[in-house]
Amino acid sequence: MQGLLFRRTRCDPVQSRCCMFYGKFEGNDKSIFQDSLKALRRMFGSVYAQDNLIALQRTAGFLTDKRFRAAFDRHAQSDQEKSLGWRLHILTWAAEHCLSVPGDFVECGVYRGFSFAVVADYVDFASVQKNLFLYDTFAGIPEALNSENRSNARYEEETAEDPDAIYSHVVRTFAAYPNIKVVRGIIPDSFAEACPEQIALLHVDLNSSKSEIAALEVLFDKVTPGGFVIFDDYGWVGYQEQKRAEDIFAGDRGHQIVELPTGQGLLIKR
């Protein structure tokens, strides 16, 4: 998807962050869209508008949750990260629930580590009797697993001068947590290096149906009853191949994935 970032000239009292949407904004489309948001605010008052999500007359109460806001604000650096409040609220809510579920936390598809940096901060993960395993190549989607032929341009740009740049950044981000393990390699082969016996929370964000199913085939049976599997891109139109593959995978095992307004998918293990 093509991205467009624009900042509102007048901030909504519920949310003061920059407004970021992805789409094909051509000609005066940007102005039309901005005017449309202004009209929605006139008609509905409270409007949440971020990350291709427009929610009318919702409290968006997480924005006034001091603990969430503090953790989110400490780690959200780019405009794109600052737009992901509702998605991160889902993750922190899930993480807090899964603290009481047997098993460790796992993320497949880490990139620069933003999501679980917020989660670890929010739940004070250093004091938790669990481990968090972070799996990624830190160099993009491997060719053999790139089933939707997605671009690795962002990774290539960031690692052009230093192949270890992203990996090193993630290691530094989590250096203060003795119970967080950063595992570099191609999934599912990298599971042989380190992998939990039980999983309470599994976050899947590999941007490839082949990669995500390969991860699920190894990890799903390790998710304990009451544990959560969250799919980052499940409901996004540009990722429908992942959704189809995951629906089949879950259905074959007697489970259903619920699509959330954020574009995430949520499966609760029975």
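Let's begin at Leu-53, a residue of strand 4, which covers residues 53-56. Strands (E, at least two residues) and helices (H or I, at least four) are DSSP runs, numbered from the N terminus. The model you are looking at is predicted: local features need pLDDT of at least 70, side-chain atom pairs count only at pLDDT 80 or more, and totals for chains, interfaces and linings use all residues. Residues are numbered from 1 along each chain as its sequence is written, and side-chain values use heavy atoms, with hydrogens and water left out.

**Around Leu-53**

With a relative accessible area of 11%, Leu-53 is buried. Buried means under 20% relative accessible area, exposed means over 50%, and partly exposed lies in between (1.4 Å probe, protein chains only). Leaving out residues up to four places away in sequence, Leu-53 touches Phe-21, Tyr-48, Trp-86, Pro-261 and Thr-262; contact here means heavy atoms within 4.5 Å. Gly-263 is 210 residues from Leu-53 in sequence, but their C-alpha atoms are 8.6 Å apart in space.

**How confident is the model?**

The predictor's confidence in each residue is called pLDDT and runs from 0 to 100. Its average over the chain is 92, and 93% of the residues score at least 70. Over residues 1-17, pLDDT stays under 50, and the model has 49 contacts beyond four places in sequence for this stretch.

A nonpolar core is a set of buried Ala, Val, Leu, Ile, Met, Phe, Trp, Tyr and Cys residues joined through side-chain atoms within 4.5 Å. The largest one here has 47 residues, and Phe-105, Phe-125 and Leu-201 have the most contacts inside it. A second, separate core has 25 residues, including Cys-108, Tyr-135, Phe-220 and Val-229.

Beyond four places in sequence, the contacts of Phe-105 include Phe-125, Leu-201 and Lys-130. Lys-130 sits in the loop between helix 5 (114-122) and strand 6 (132-136). The side chain of Lys-130 does reach the backbone oxygen of Gly-103, at 2.5 Å.

**Salt bridges**

Side chains of opposite charge can pair when their charged atoms come close. A salt bridge is a side-chain nitrogen of Lys or Arg within 4 Å of a carboxyl oxygen of Asp or Glu. The structure holds nine salt bridges, among them these:

| Pair | Closest N and O atoms |
|---|---|
| Asp-51 and Arg-87 | 2.7 Å |
| Arg-74 and Asp-121 | 2.7 Å |
| Glu-241 and Arg-244 | 2.4 Å |

Asp-51 lies in the loop between strand 3 (47-50) and strand 4, and Arg-87 in helix 4 (residues 85-98), so this pair ties together parts that are 36 residues apart in sequence. Both Asp-51 and Arg-87 are buried, and together with Asp-232 they are linked in a network of salt bridges.

Arg-74 forms its salt bridge with Asp-121, and this pair links distant parts of the chain: Arg-74 is in helix 2 (residues 66-75) and Asp-121 in helix 5, 47 residues apart.

Glu-241 and Arg-244 both lie in helix 9, three residues apart, about one turn of the helix. Glu-241 is partly exposed at 40% relative accessible area, and Arg-244 is partly exposed at 45%.

**An enclosed helix**

Why is helix 8 (residues 209-219) described as largely enclosed by the rest of the structure? Because eight of its 11 residues are buried. Among the buried ones are Ile-213, Leu-216 and Leu-219. The buried residues of helix 8 pack against strand 5 (104-108), strand 8 (199-204), strand 9 (223-231) and helix 9 (240-252).

**Backbone details**

The peptide bond from Ile-187 to Pro-188 is cis, with omega near 10°. Pro-188 lies in the loop between strand 7 (180-184) and strand 8.

Asp-51 has a phi near 55°, a positive value in a residue other than glycine; its relative accessibility is 7%, so Asp-51 counts as buried. Phe-138 also has a positive phi, near 60°, and is not a glycine. Phe-138 is in the loop between strand 6 and helix 6 (153-158), and at 0% relative accessibility Phe-138 counts as buried.

Conventions: Polar contact = N/O pair within 3.5 Å; in protein donor to acceptor, adjacent residues only side chain to side chain.
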